[in-house]
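Work through the exercises below with the model open. Try each task before reading its solution.

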Amino acid sequence: MLLLIRSYRYPLRPTKAQEAALTTWLAQCCDLYNGALHERRDAWRKLGKGVTLYDQFKSLTEVRRTVPGWDEVPCEVARSALRRLDLAMKAFFRRCKAGETPGFPRFRSKRRYDSFGFGTNPVVIQGDRVVLPKLGYVKFHLYRPLKGKILYAVVRREAGKWVVVFQCDIGEAPAKMPIESIPEERVAGVDLGLTTLATLSQGKPIENPRHGAKAAEVLARRQRALARKRKGSKSRHRALVQVQEAYAHVANQRLDTARKAAVRLCRDFDLICFEDLNIRGLAGGMLAKPIHDAAWRLLIHCTSCKAESAGKHVVEKDARRSSIDCSGCGARVEKTLRDRTHSCPVCGLVLDRDLNAALNMKNRALGRSAVRPPATPLVTAEGSTSAGP
Ligand SMILES: [Zn+2]
C-alpha cells in the first residue's frame, strides 16, 4: 500500500493589506531564522553545547509575549523558520558525521528568504479562498481542481508574486498491472533528444519547444538593464524582479510542457521506458544549455508521478549503445552524431536514428536485445563453411 502525496501550487491573490502582512511575516521569519542561527552558533562555539528545536520554540514563546509586533505573526509561521533552521543544522551535522566538509548554515538575506509554512494545523479552503491564520480569507487562482486532503500549506514569494502550495494526501495508489501481462503495443520506449524532445517507439514524437532559447533575448535585455543599476537602489530591485519574472515564466512553461507530455504518455501506454540519465553524465560541454532547456529530468519526474497515480509503470534503463544497436536484429551499426538514419547491413532494417534508439529502449524494457534473435542466416552460412574437424 502506497499513499500518494501531491503538491498543488496556485497563484495567491492577496489584498493590499494582506500582502503587506505577508511581506512583514517573511521579514520577521528571516530575522528569527538569523537570530536563531546566531544563538546556535554562539552556543556551539563558546559553550560547546547544542541548542535544540524545542529550546528555541520556548524562547519564541517568550519573544512573542514580550517583544511588540511578534504576536501579529502566527505562531506556526514563526515556528516554520525555526524548523527550517533545525533541518539545516541536522543536515550539516549529518554530513559532518559522514566525513564530508559541509559549510556551516549561513545567515539569509531578506531578498532570499521567500517562504513560510503553516505547521501541521491543516489550513481550510472554501471555494477559491484559503483561510489563513490572522488574515482570514485570502483569494487564490484555482486554475485546476485540488484533490485529496490538505496536509500542509506553504506560502511563497516567487518573482515578486505570491503563490500557495498545498501538499495533499490523495489516497492510496491504484494497483499496477503486472509488467508481464502488458501487451506489447502498450509499451513505449523513449529516446530523449534535442531535435525532438522525445521520440517514442510508436506514436507521434514530443516536440522540443525550446522555451529558454525563445526567451533568451528578453532575458539578456533584462540582465543588461539590471547590471546598469546602482546597488541598493529601488530601480535595481524593480529590474531584479523583472529578471526573476522572465526566469519564472520559462520555468512555468517547461513545467507545463512536461506535465502535458506526462499525461499523454500515461494515457497511451502502460509501461514507459526512459533512459537512465544518471549514467549519461550530463554535466558540461557545449550542449549543456540546450539540454538544460529541454528539461529531460523534469519530463521523467512528471511522468513517474503521473504514473504512480494512474497505475502505470515507468522504468529507467541503461541507454548505452541504444543508437548503435540495431533494434531489429541486435547487430552493431556504428554511427557518427551526424548520421540521422539507421541502416542495418545485417537485416536490412532502415529507419530514423532516434526511432531505432526508442525501439531499443522498448526492447530493453521488455528484457530482450532485439525484436528477432541475432541474424541466423549469416551464422549458418559461415558455420557450414568452417564446419568439420
Ligand atoms: Zn539489423
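**Exercise 1. How many bridges join β8 to β11, and do they run parallel or antiparallel?**

Solution. This is a predicted model. Step one: count the bridges. Three join β8 to β11. Step two: read the direction. The two strands run parallel. Step three: pick a pair to check. Gly189 has Cys273 of β11 as its bridge partner.

**Exercise 2. In which sense do β8 and β9 pair?**

Solution. Start with the pairing. β8 and β9 are antiparallel and share three bridges.

**Exercise 3. Which residues point each way from β8, and are they buried or exposed?**

Solution. Now sort the residues. Val187, Gly189 and Asp191 point one way. Ala188, Val190 and Leu192 point the other way. Last, check burial, for which the cut-off is 20 or more other C-beta atoms within 10 Å. Six of the six residues of β8 are buried, and the strand is mostly covered.

**Exercise 4. In what order do the five strands of the open sheet stand, and which stand at the edges?**

Solution. Write out the order: β10-β9-β8-β11-β12, with mixed pairing. Then find the edges. β10 (206-207) and β12 (313-317) each have a single partner strand, so one side of each lacks a neighbour in the sheet. Now examine the β12 edge. Strand β11 (residues 271-275) pairs with β12 in the parallel sense, over five bridges. There, Glu275 is opposite Lys317 of β12.

**Exercise 5. Which strands does α8 lie across, and at what angle does α8 run to β12?**

Solution. List the strands: β8 (187-192), β9 (196-200), β11 and β12. Then compare directions. α8 runs at about 145° to β12.

**Exercise 6. At what angle do α5 and α8 pack, and what residues make the contact?**

Solution. Take the geometry to begin with. Helix α5 (residues 234-268) packs on helix α8 (residues 296-310) at about 45°, and their axes are 8 Å apart. That angle makes α5 oblique to α8. The crossing of α5 past α8 is right-handed. Next, list the contact. From α5 come Arg254, Leu255, Ala258, Arg259, Ala261, Ala262, Val263, Leu265 and Cys266. From α8 come Leu298, Leu299, Cys302, Thr303, Lys306, Ala307 and Ala310. Finally, classify the contact residues of α5 with α8: twelve are nonpolar, one is polar and three are charged.

Terms used: Residues numbered from 1 in each chain as written. Predicted model: local features only at pLDDT ≥ 70, side-chain atom pairs only at ≥ 80, totals over all residues. Axes fitted to C-alpha atoms, helices over the stretch in contact; angles between N-to-C directions. Helix = DSSP H or I, 4+ residues; strand = E, 2+ residues; numbered from the N terminus. Parallel < 35°, antiparallel > 145°, perpendicular 65-115°, else oblique. Left-handed = near helix turned anticlockwise from the far one by under 90°. Contact = placed C-beta atoms within 7 Å. Nonpolar A, V, L, I, M, F, W, Y, C, P; charged D, E, K, R; others polar. Pairing = 2+ DSSP bridges. Buried ≥ 20, exposed ≤ 12 C-beta atoms within 10 Å, placed from the backbone.
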